[in-house]
Amino acid sequence: MFRFEFCLTEDMDHIADTYFNNENYFKIDGRPVLWIYIARDYAGPYKEIIKQARKNMLERGYDVYLVGDLVFWNYRLGGINAFDAVSLYTAYGGRPQNTARLAERLKFLYLVWRVASQLQGRDFIPAGIPAFDDSCLASERKPLAALSGNSQDFQYQLKIVSSFLDTVNIAPEFNQVTIATFNEHQEGSSIEPTEEWGYDRIEQIPLVFGSQ
């Protein structure tokens, strides 16, 4: 546990010292935004460790807006209050294997997490994903069944996701949504235009969420 605490606080100190002062770093209401990946798997006194990391950043002059990758089917709702917002990389766990049908399953998951987050005064950030294929990691672990779907399936999923948008507590004029991923081509989840699917995936985003 000591090693985990040391690594997390040291990493977050490094991030703050190296990146937060950059004028291009993403901030909300002046607060630098930082995601913690797969926080849903944390155990032990991780809340106290995160609290210490926040204190370290405040001493550096940064009130971090911390997002936990917490949303998943294990419903570890007790971890919500360790963060300013909760979200996810993806909730795909191997079924259903179609992007649109996955959206139907996400409805209950997102409803529970959004309500639980709002009750604790935290923000909820829903997420979408057009496809997923981690067979590239087959030499390391058993891959999931591939998730796939056409552009219409992805658009349908994004429409479901859009119905769970939650205004940001510190900036009520904003909503947040994530999409996995822009260019992670090796797992087939990217929306960046390619020869394989052209602009089909990325074009769905302004169709659903608008553009500026």
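The largest cavity in this predicted model has a volume of about 50 Å³. A cavity here is a set of points on a 1 Å grid over the protein atoms alone where a 1.4 Å probe fits but cannot get out, and its volume is the space filled by probe spheres set on the points, which are joined across faces, edges and corners. The structure holds one cavity of 30 Å³ or more.

Who lines the largest cavity? Lining residues have an atom within 4 Å of a point, and among them are Leu88, Tyr92, Leu106, Tyr110 and Gln157. Helix α3 gives the largest share, three residues; helices are DSSP runs of H or I with at least four residues, strands are runs of E with at least two, and both are numbered from the N terminus. The lining divides into nine nonpolar, three polar and no charged residues, where Ala, Val, Leu, Ile, Met, Phe, Trp, Tyr, Cys and Pro count as nonpolar, Asp, Glu, Lys and Arg as charged, and the others, Gly among them, as polar.

Now for the largest pocket, with about 240 Å³ of space. A pocket is an open set of points with protein on both sides within 12 Å along at least five of seven lines. Of its 13 lining residues, Asn175, Val177, Ile205, Phe209 and Gly210 are the closest to its centre.

Back on helix α3 you'll find Leu119, which counts as exposed (over 50% relative accessible area, 1.4 Å probe, protein chains only) because its relative accessibility is 72%.

Residues are numbered from 1 along each chain as its sequence is written. Local features need pLDDT of at least 70, side-chain atom pairs count only at pLDDT 80 or more, totals for chains, interfaces and linings use all residues, and side-chain values use heavy atoms, leaving out hydrogens and water.

How values were computed
Buried means under 20% relative accessible area, exposed over 50%, partly exposed in between (1.4 Å probe, protein chains only).
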